[in-house]
Amino acid sequence: MSTGGSYSNERPPTVDVDYAADPASGSFFSTEFKKCSLDDNKHEDLKQMLDSNKDGLKLEAMKRIIGMVAKGRDASELFPAVVKNVVSANLEVKKLVYVYLVRYAEEQQDLALLSISTFQRALKDPNQLIRACALRVLSSIRVPVIVPIMMLAIKDAMTDMSPYVRKTAAHAIPKLYNLDPEQKEELIQVIEKLLSDKTTLVVGSAVMAFEEVCPERIDLIHKNYRKLCNLLVDVEEWGQVIIINMLTRYARTQFVDPNAGSEDDDRERPFYEDDEEIEDDETLAKRPKPMDPDHRLLLRNAKPLLQSRNAAVVLGVAQLYQHIAPRTEVSLVARALVRLLRSHREIQAVVLTNIASMSTRRKASGCKGEKDMFEPYLKSFFVRSSDPTHIKALKLEVLTNLATDTNISVILREFQTYIGSSDKEFVAATIQAIGRCASNIREVTDTCLSGLVSLLSNRDESVVGESVVVIRKLLQSETVGHKDIISHMARLMDNIKIPMARASILWLLGEYCDKVPKIAPDVLRKMAKTFISEDDIVKLQILTLATKLYLTNPKQTRLLCQYVYNLAKYDTNYDIRDRARLTRALVFPSQGHEDNKLAKHAKKIFLATKPPPVQQSSFKDRDQFQLSTLSHLINARATGYQDLPPFPEEAPDPTVRYVELPASFTPENHHKPSHPKKSKPQKMKSFYSDESSPEDESEDDASDSSSDSDSDSDSSDSDSSESSSDEDNESDSEEEEEEEPRFKRKVSGGSSKKRPEKHGVSQSSGSEDTDSSSSSSSSGSESSSDEEAENSEDSDEDVKKKKKSDREQRNSVPQGRGNRSNLDLLLDLDDTPPAMDTPLLTPSLGGLLTPSPSSQPSQPLPPGASIQPASAKFVPTVTQELLNRISGGGLAVACRFTRSPHLYSPRMTSVELSFTNNGSEEIRDISVGSKKLAPGMALHEFAGIAVLSPDTTLNGTIGVDFNDTTQPAMFDLVVGGRTFSINITAPIGELLMPLAMNEGDFNLNQIKLRGMNEQCGVVSLSSGNKDIKSLVNRVYETANLLQVQCSSNDIVKFGGQTASGKALVLVSLSLPQDEQESTISVNCEKMVISSMLLKEIKSALKRD
Amino acid sequence: MIHSLFIINSSGDVFMEKHWKSVIPRSICDYFFDAQRKANNNEDIPPVITTPHHYLISVLRSNLFFIAVCMTEVSLLAPHPSPCLSVSATLPTGQLSNVPWRRSGVKYTNNEAYFDVTEEVDAIIDKSGATVAAEIQGYIDCCIKLTGMPDLTLTFINPRLFDDVSFHPCVRLKRWESERVLSFVPPDGNSRLLSYHIGSQSVVAIPVYIRHNISFRDVGGGRLDITVGPKQTMGRSVEGVVLEVPMPKCVLNCTLTISQGKYTFDPVSKVLRWDLGRIDPTKLPNMRGNVQFTVTQLALSGLKVNRLDIYGEKYKPFKGVKYITKAGRFQVRT
């Protein structure tokens, strides 16, 4: 930094001369100097740096300026110097200038306008991040003049290609609205557009803009409701919170109360549901009242978010359930809320406040016989000594709310330990809590009371004081008098100093003076002595006691009473003077007014029976506020708080949520006839889009499925049942539900391209609902399919058919799995080619060696999109003898590699074993015995042959996972008690599976697999292998690969993958014209495979 | 919406401020300082302070106070800071992708995936040594250095143990619900993959026991006798045992005889800290309490990771799992 230098120039020369020699004093003065010159000169210095043409200096200056801004120092006078740099080419400088502008533009509006043109240019930048940044800063500048420019910029950004820019546009909306509320109408149009956006990135921000600008326009949500519900899981966390809160409000306006009339019959069902939703008996029995499927959709989609790591999301879902879910389901949220208690104290405080409120509300709503949802977690609310005081108080509140006659003993024991705490405030709160428990639960009132009384002898005064107050309240609500307790307390009067406690004792004595006729006057006597020094509330109570005693026992207390009144008459506090005057007039009527009516009834007035105080939770009145809001926490209406609307009596029209048909889909009435034609191209398309683009995506799919089959058959079950839904309608609902979101996730993880497609579907089927109100089975909004699938069961055949077609279509579109036949799906052949479609499977057709690529549709595809499993182009007919008929006792066993995918696992290579009985007797019971496999290998045995009659041949297919090695698979063949050891070795070519891909992908992947992974060799071609066709045939015979269509004629390329590890195998053969030699290169990440494959191909090509 | 944010250090200076909507003078923080003065310690400051026109939301992290100033109703725990401009020459990339937690183009020469299963025992033990409440709060933290976009699957031997779990956004919730398998594209580097909670309903074995005998007299001090011993640790040794005894305010100093480790007494916070180290079961440490300890290679709940599968990438990563049991909020009442 050059600060020192610049200052030294401005130093008065004298200072320099005098002190420069002495380093110590010099430095002292120079710091002094710096300080005083800071205001005038430091900025000069910064200005110079900003004016320089070196980016480094500018950056340094900007960093310092921003530092000043952050520390709260005024840097506004640098404005002109800074604004000039907004055109800086340096991105870093530019960003800092933006930060500065946002802070100071408001103060220097005219100068700020200079920078606007830069932003306008940046808004057109090809880089989406720069566009977004410019929009963000532009919208943050609070200069009213630029409102029209902002409006234009937002409108432009709203239609931007990049979702990130659209998201920024959504963020800009509330800012513009704050600046100029006049723009509301126009902004609402923008919001409407943004709400219909289908990217997860945008919707959260769009909803936020909606909440800020026009929360009352609930009608804008209708069309997007289902989409929002379905996207909810994938939206980023803060967006989730906003959407959940908004949907809570939405649900409150659109759906009927799920708890209302739950005990009544179903007669109250809203009319629309009769034609909309016909539930079968089973579900009706489960639910007290049918719910709008959309209502259910929201609840179901929000539920997984309870496991979010973000406390705000969890709390949001909790309040959603509390406010709109049927009462029986609310308890789901308890566990998640209890989990949040582990986090920071601030979160603890908020969560506990909400829990306390929820537990009071539940108690109030009076669901008898139903345990409180938090009761199982009672121990989580036990107080720790390290908790901050307000957390302790909240925990006490919750514990008190949870107290029932079953757990009260645990709670009371816990309370007992709290009383020993050193935190006085907390002890006082505990005693109050005990009092509340005692008054709420009849069974323990006596125990509590005696416990409290024993506290009266506590050393700690505040404990005693608090217990006195609580006992007073308890005694008041008790019908039976407790003479002992009162006299005990009267004795304590001498020691207790806390005014509130003294006042309480006095009041008690007065109230029950008839029970302690001897003690009360004596206490009054003592009190009269100390009257002057007492606290005000005690004085008032002394007056009351005196009055009451006089009324019940005038003989003994008359003088005392008058004495007290006289003292009170001259008290400094006017309240006490007034009270004394009033009561004296009542009790001691002045001369001539003895027949005063009031005086006659004085006894009635003072000794009336008082209603006992109701001890209730302080959280009672928080009921009115929506949970998780600021207003709820502070128990006051915050600015901008909106009341949660009550449920409507009758649900508004649910059809508003149905979504319009997108133009690309055929309307319902044309749907059926056109279905076969229509669905086919879609199938194709979807197939590609799923296996689509980035290579790892397809790998992902493949591996996913293989993991399924490995780990457990669970998933494969669900897979199959999902897709076999045509056959078996009822069972699908549950599994489907589990399955689909997985896809959803996958979609989100991969290319964003798929998302719109998916929504296209959900919308289309949603709209089918409108037309065919009854079926609507598959209404792509997946989650509602649960109920609806059930509905459609009892509807007629026609509907079923329609549904089937819907479903087929749906399955096919987003998932790419739907296009397989049922059998395949049952067997979970996720990434193997559909066996039914390949005629080449049978050996008789093995010779049909059509060049493969011609059969592939040659359409332009994104890189990687073309890679997909294909079927074998050649099936070897050569068999390998495994067991000689002589050593096998008449049984000969041969094997052949069928090159078809094995049904059990895609990692396995199918081996066909043919058993021939060459003997004269029947051979019985052929099966696989013990397996001796190398680690990592697996073998799936064949079904077993019961009888093999002489001179017959039977086949059995085993699947072997060779784990990409050429190690032999050894196993025992048990034949009627005898065992033969069998040893199958797969040639390297049989460990592969063909993959179809286009040339671009081939080249792309080949580049990736260079270096060690590439094996090259030169082979001189034998005479029979000169033309391409025979060459290709030779390769097909050697290895299970598939030719890749290639632009040049003198090169042949093959693609495949290893069966077990799914590693890509790429083979290319160059065929220079008129030459005997060909160069072969094999690329595979498994070097052993590539080198062996090279050797095999070489030898195959050398052969004649 | 947050209007402004102030950061206050432990000595009570506002050393950083940021304004989003309009500039609010920092004098607003005086309300907070008032509350701070009223409270006994920093922990006791209420999280939300209501002032006539603003609401101050305070958050205390590592001795810094973050004061957010709001003017209108906000949904709590979810204040919305506008995305800040980060000072770097590169533009942020994470926000653009659908996998915002992972940057693209990650490359490592050694592919490694480590998982730390950490369990913290929260327990309250009463005077007589009986467990009043005990629960386990566990975390699986991962350090993942894998090339490309790997898709991992983590399975557990006994997933039924989990009472309640919360996940990093990368975990596919539905897959967990249906199969109890963690399937995720991991974030690069260190992250907390999941945290779980094993509630007070299930039985938790406490790995240490503490016998204490404490008596105070008003004048002339008191006696303190504490013995710590291991219990149910399945052969693993308990390490890093630290005892913290918060003393009442009247205690001025402690003079103690200890058989092992060392002790310190902080006269300001009145906390006696006894650092025991490892417990030798044959010779029980004794000091004439809060407890902290660590048991390595043991997850108290018995949770075990079964296997980790990687999909989507072709390399074989190095995998490692470590188990640690720690004391969380472990309290012994006296």
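Author: Accessible areas here come from the Shrake-Rupley method with a 1.4 Å probe, and for residues only the protein chains shown count as cover. By that method chain B exposes about 15400 Å², of which carbon and sulfur atoms supply 52%. This is a predicted model, in which local features need pLDDT of at least 70, side-chain atom pairs count only at pLDDT 80 or more, and totals for chains, interfaces and linings use all residues. Residues are numbered from 1 along each chain as its sequence is written, chains are lettered from A and ligands numbered from 1 in the order in which they are written, and side-chain values use heavy atoms, without hydrogens and water.

Reader: What makes Phe942(A) count as buried?

Author: Buried means under 20% relative accessible area, exposed over 50% and partly exposed in between (1.4 Å probe, protein chains only); Phe942(A) has 7% relative accessibility, and therefore counts as buried. Phe942(A) sits in the loop between β6 (938–940) and β7 (945–948) of chain A, where strands (E, at least two residues) and helices (H or I, at least four) are DSSP runs numbered from the N terminus. Beyond its neighbours within four places in sequence, Phe942(A) has contacts (heavy atoms within 4.5 Å) with residues including Leu913(A), Phe915(A), Ile926(A) and Leu973(A).

Reader: Why are α8(A) and α9(A) called roughly antiparallel?

Author: Axes are lines fitted to C-alpha atoms, for helices over the stretch in contact, and angles run from 0 to 180 degrees between N-to-C directions. Angles under 35 degrees count as roughly parallel, over 145 as roughly antiparallel, 65 to 115 as roughly perpendicular and the rest as oblique. Helix α8 (residues 128–140) of chain A packs against helix α9 (residues 147–158) of chain A at about 150°, with the axes 10 Å apart, and the pair is therefore roughly antiparallel.

Reader: Which residues make the contact of α30(A) with α31(A), and how do they divide by class?

Author: Ala520(A), Pro521(A), Leu524(A) and Met527(A) of α30(A) meet Ile542(A), Leu545(A), Ala546(A) and Leu549(A) of α31(A). Ala, Val, Leu, Ile, Met, Phe, Trp, Tyr, Cys and Pro count as nonpolar, Asp, Glu, Lys and Arg as charged, and the others, Gly among them, as polar, and the contact accordingly has eight nonpolar, no polar and no charged residues.
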